[in-house]
Amino acid sequence: MKLIIINGPNLNLVGKRETDIYGTTSFEAYFQMLEERYPDIKFLSFQSNSEGEIIDILHRYGFSCSGIIINAGGYSHTSVSIADAISAIDVPVVEVHISNVFKRETFRHKSLIATATVGFISGFGLDSYRLGVEALIANNHR
């Protein structure tokens, strides 16, 4: 099984940025824990602050891996193009968010990409990614 985790804008700062919301553990440290916890899964991870690069990664892996976990950050609420890219590929995509977006600003309450994904996980800190992995394992058809 091969899973791709895609992180959007500002998620390269997890562990440093707004630690009251995002915690003090870096994504890199958490990613290493995922690799150790699931040794039979080949994980790839990408982070970009650029919408076009996120779309390129979706296109590149959206037909060849077992699933994608995406935290598109602020693009979740604004990007029709990322939603279209998810709709265009044939692997299951799970949207995750570290914080509970529904306890935050009103503009974060709507995700434009959620309708193109198989599921949505929000509010469990970095463990939202593990829950996304578990969902993809449970529903793996590849």
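I began with Asn10, which counts as partly exposed because its relative accessibility is 36%, a value between the 20% and 50% cut-offs. I note here that I am reading a predicted model. I placed Asn10 in the loop between E1 and helix H1 (19–22), and I looked up its backbone angle, finding a positive phi of about 70° although Asn10 is not a glycine. I wrote this down because most residues other than glycine have a negative phi.

Next I looked for salt bridges, and the count came to 1. The pair is Arg130 and Asp127, whose side chains meet at 2.9 Å, N to O, and that distance qualifies because the rule asks for a nitrogen-to-oxygen separation within 4 Å. As a general point, side chains of opposite charge can pair when their charged atoms come close. I found both Arg130 and Asp127 in helix H5 (residues 127–138), where they stand 3 residues apart, about one turn of the helix.

I stayed with H5 and checked its length: the helix has 12 residues and reaches 17 Å from its first C-alpha to its last, close to the 16 Å expected at 1.5 Å a residue. Besides Arg130, I listed Ser128, Tyr129, Gly132, Val133 and Leu136 of H5 as buried. What covers the buried residues of H5 includes helix H2 (27–37) together with the strands E1 (2–7), E2 (42–47), E3 (67–71), E4 (93–97) and E5 (119–122).

My last entry concerns helix H3 (residues 51–61) and helix H4 (residues 80–88), which pack at an angle of about 5° with their axes 9 Å apart. H3 and H4 are therefore roughly parallel to each other, since angles under 35 degrees count as such. On the H3 side I noted Glu51, Ile54, Ile55, Leu58 and His59 as making the contact, and on the H4 side Ser81, Ile82, Ala85 and Ile86. Sorted by class, the contact of H3 with H4 has 6 nonpolar, 2 polar and 1 charged residues.

I also looked up Gly52, which lies in helix H3 and is partly exposed, with a relative accessible area of 35%. The C-alpha atoms of Gly52 and Ser81 are separated by 8.7 Å, while the two residues are 29 residues apart along the chain.

Definitions and conventions:
Residues are numbered from 1 along each chain as its sequence is written. This is a predicted model: local features need pLDDT of at least 70, side-chain atom pairs count only at pLDDT 80 or more; totals for chains, interfaces and linings use all residues. Side-chain values use heavy atoms; hydrogens and water are left out. Helices (H or I, at least four residues) and strands (E, at least two) are DSSP runs, numbered from the N terminus. The expected span of a helix is 1.5 Å times one less than its number of residues. Buried means under 20% relative accessible area, exposed over 50%, partly exposed in between (1.4 Å probe, protein chains only). Contact means heavy atoms within 4.5 Å. Axes are lines fitted to C-alpha atoms, for helices over the stretch in contact, and angles run from 0 to 180 degrees between N-to-C directions. Angles under 35 degrees count as roughly parallel, over 145 as roughly antiparallel, 65 to 115 as roughly perpendicular and the rest as oblique. Ala, Val, Leu, Ile, Met, Phe, Trp, Tyr, Cys and Pro count as nonpolar, Asp, Glu, Lys and Arg as charged, and the others, Gly among them, as polar.
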